[in-house]
Structure formats: structure tokens, C-alpha cells
Amino acid sequence: MTLPASPAVKTPGEHPVLTAARQLAPRVTARSEEIETARRLPADLARELAEAGLFRMVVPEAYGGFELHPALVIEAVEELSRADGSTGWCVMIGALTAMCSAWLPEPAARAIYGAPDVITGGVAAPQGRAELVEGGYRVTGRWSWASGSQNCRWLTGGVVVTKDGAPRMVREGIPETRVLLFPIEDVTLHDTWHATGLCGTGSGDMEVRDVFVPADRGLSLVTERPRVDRPLYGLPAFGLLGLGLPAVGLGIARRAIDELTELAHKKKIMPLGRHAIATRPAVQEAVAEAEATLRAARAFLLETVNATYEAATRREVTLRHRAELRLAYTHAMRSSARVVDRMYEAAGGAAVYRSNPLQRCMRDIHVATQHAMVAPPTLELIGSVLLGLEANTAML
């Protein structure tokens with residue numbers, strides 16, 4: 001279908017990257033089946049997205065990036081996710097992984113992110129081991145969910161740092177972890193992504209074996225401050241890293257409402273088939289509730305993101321800000337899943353066919369909800385903070 005309500009021309013004051021996302025969206029939608037079948041983002045489309053600046057949204061201006069306000073990042077990712085969930089997910093991963101540029105030493109940041117079309121990705125979870133050696137680390141590890149890795153020039157991998165084979169501890173019971181960057185030549189990609197949804201993200205495994213990584217190609221989002229002192233990087237590190245996740249959910253949910261709305265005027269009520277299902281009270285109620293649920297979740301997300309960014313400009317981000325930001329992320333993703341489910345159910349049997357985009361919306365959203373940063377356990381930690389209880393908030 002042709003997606004409505006997305007102007008293809010720049011509106012007054014709109015950032016060029018957001019304009020580019022709107023202009024690319026119809027072409028992305030037209031290639032959805034190709035993306036789904038290939039189980040990865042086509043290389044030419046990835047290049048087009050890179051040339052439009054969509055992977056440089058959070059790279060510092062000092063390094064040639066756009067350093068966008070986080071609300072604009074959400075809007076761009078949301079727009080592309082509405083067009084195709086897998087494309088939005090790959091842009092989200094590549095764009096937010098690039099926040100590493102603000103934490104790396106300047107020479108390394110410029111070497112990696114200096115090229116305007118560079119795409120980085122990878123996995124922050126510490127699934128690798130990095131033995132401390134002179135000048136850096138020797139790394140071995142295998143990471144799952146390396147989304148969009150086939151089009152990346154550099155990939156990140158989270159590691160536990162070891163010395164003489166034993167984990168280095170930052171304090172009792174807590175090992176030192178870092179995120180290291182590998183050139184694609186050092187990485188083996190395994191084609192393991194045979195998934196229920198987000199099929200076109202190419203989120204297979206990545207592996208390195210006994211690879212040397214210089215110390216200046218590593219960072220810690222837990223113990224280190226960003227080296228670029230700008231408001232965007234004053235956001236909570238994991239809040240910035242997860243910024244695009246709710247945007248993917250919102251975009252997929254908006255697509256589901258679009259698709260159900262179009263279908264409701266075409267599909268007839270059986271058995272006589274005289275009236276469209278849009279005339280059914282149950283369908284009308286479902287659409288109304290879905291619209292309210294989605295817009296309320298989006299409003300809460302943007303309100304919280306804007307408030308946290310304003311606090312970051314004053315260097316006054318509190319634990320409460322961090323908790324509410326992550327609450328907004330999880331709430332937006334869970335609300336998006338409820339919207340998609342409601343639209344899928346309202347469509348009836350028509351939604352089960354692969355030719356109907358609603359079935360893909362349903363599959364995509366329920367893979368997106370499995371991401372650890374927006375999964376239900378996050379609510380336990382957030383609730384502990386809101387209740388004033390002791391909790392391990394290092395990853396919040």
C-alpha cells in the first residue's frame with residue numbers, strides 16, 4: 001500500500017535527515033518482500049540510507065555527524081519502521097551503535113567514523129572474552145543478534161576483560177566489561193537468522209577468534225564518561241543506546257493501523273457481503289482504541305525524552321530521569337504490540353496470508369519486544385527505582 005500522511009518534501013524547519021527518511025520510505029515499502037526473502041538489508045539500499053546520513057544521526061558534529069536531538073532520531077527511525085520493520089531496525093542498530101564515536105579517543109573515532117558512508121553495528125552484550133595484553137586485548141567471542149552486520153564496515157562486541165585467564169573485577173562480584181570495535185575483515189558472520197519476524201534484519205551471529213584489538217578501540221558505557229562534552233551524550237548511556245527501540249515499535253504499530261484501515265473499507269462482512277467491515281462496531285472500537293493507545297504511548301515517550309534531554313543540557317540527569325526514560329521505552333514497545341495484535345485480530349482471516357502486511361507487522365513486533373532493553377523484566381528494575389528501593393541501576 002502507499003503510506004499516507006508522510007510528506008515527501010521538506011517541511012519548514014525540518015532536518016534534512018528526516019526529509020530523506022520520508023522520501024526513502026515509499027521505496028523501502030516497495031522492497032519489503034525482497035528484504036524479507038533475502039533475510040538481510042540489500043547492500044544498495046544500505047548504501048542509500050548511509051548516503052542520506054541515517055547512520056550518522058548521533059555522531060558528533062565535530063566528526064562530521066549530525067548530533068541530532070533525540071526526538072528527531074525517534075521520528076526518523078519511526079518513519080522507516082512504518083515503511084518496513086526490518087529496515088527501521090537496521091537503521092536503529094547502525095545509527096545508535098555510532099554513539100561509540102563520542103566515547104572513543106578522538107583519533108580512533110575519526111579513523112572509524114570519518115567516512116561519511118560508514119555503517120557500524122554489532123552487539124554490546126558482553127558475550128566475548130578479552131585477555132589484557134600489551135597495547136590492548138586479544139579477543140575471542142561469538143555474539144548473537146548482530147543485526148545489519150552484512151553491510152557494516154566495523155562491528156562492536158561486548159567483552160569481559162580477563163588477565164591471566166581470570167576476569168578482572170571492578171568490585172566484588174562485578175567483572176570489568178568493555179565494548180570493542182573490530183574491522184569487518186576480522187569478523188566471521190554466521191548465517192543463523194531464521195527467525196519468526198524482523199526476517200530482513202540479517203541478525204545472525206558474529207564471531208572473532210584470537211583477534212588483537214588496540215586499547216584505543218575500546219570503551220565502557222558503564223564506567224567511562226563520553227569524551228565529547230555535548231548535551232546529546234549527557235543522556236544516560238543505555239538510554240541513548242536504546243533510543244531507537246521504541247521508535248521501531250511505534251512505526252510498526254502505525255503501519256498496522258494503516259493496513260487495517262485500508263482493509264476495513266475493502267473486506268465485506270460475510271455471508272452476504274453487502275457492507276465493508278468498517279461498518280462493524282467491533283472494528284470501529286478496535287481502531288479508536290488502537291489510535292489512542294499508540295498516540296498516548298508516543299506522547300509519553302517524546303515527553304520523557306525531551307525532559308531528559310533538557311536535564312542533560314543542564315548536567316542534571318537524575319536516577320529518576322533514567323528510570324522514567326526506560327519506562328517510556330518499554331511502555332511504547334509493549335503498547336505497540338497491543339496495537340498490532342488488535343489490528344491483526346480485527347482483520348480476521350485475511351491477516352494470516354503472507355500477501356497481507358498485517359501478518360508481518362504481527363511477526364515483527366513480537367520479535368522486537370524480545371529485546372532485553374524493553375522486555376518485561378525492565379519494569380521490575382524501574383518499579384524498584386520509582387518505589388525508592390535499592391537496586392542495581394548500572395545498566396539503567
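The buried residues of helix α3 are covered by a set of elements that includes α1 (16-30), α2 (32-38), α4 (70-83) and α5, where contact means heavy atoms within 4.5 Å. The model is predicted, so that local features need pLDDT of at least 70 and side-chain atom pairs count only at pLDDT 80 or more, while totals for chains, interfaces and linings use all residues. Residues are numbered from 1 along each chain as its sequence is written, and side-chain values use heavy atoms, with hydrogens and water left out.

In α3 (residues 43-51) the buried residues are Leu45, Ala46, Leu49 and Ala50, buried being under 20% relative accessible area with a 1.4 Å probe and protein chains only. These residues lie on the same side of α3 because they cover an arc of only 140 degrees around the axis, the arc being that of the directions from the helix axis to the C-beta atoms. An α-helix has 3.6 residues a turn, so residues three or four places apart point the same way. After α3 comes Gly53, with a positive phi near 90 degrees. Helices (H or I, at least four residues) and strands (E, at least two) are DSSP runs, numbered from the N terminus.

Strand β9 (residues 205-214) pairs in the antiparallel sense with β2 (residues 136-143) over seven bridges, and also in the antiparallel sense with β8 (residues 188-190), over three bridges; two strands pair if DSSP finds at least two bridges between them. Gly136 stands opposite Pro214 in β9, and His190 stands opposite Asp205 in β9.

The two pockets are set out below; a pocket is an open set of points on a 1 Å grid over the protein atoms alone, where a 1.4 Å probe fits, with protein on both sides within 12 Å along at least five of seven lines, and lining residues have an atom within 4 Å of a point. A volume is the space filled by probe spheres set on the points, which are joined across faces, edges and corners.

| Pocket | Volume |
|---|---|
| Largest pocket | about 1100 Å³ |
| Second largest pocket | about 500 Å³ |

The largest pocket is lined by 48 residues, with Ala124, Ala125, Phe238, Leu241 and Met395 nearest its centre, and β1 gives the largest share of this lining, six residues. The second largest pocket has 25 lining residues, of which Arg225, Gly234, Leu235, Pro236 and Ala237 lie nearest its centre; the elements that give two or more residues to this lining are α7 and α9 (281-313).

Note on methods. Buried < 20%, exposed > 50% of the residue type's maximum accessible area, 1.4 Å probe, protein only.
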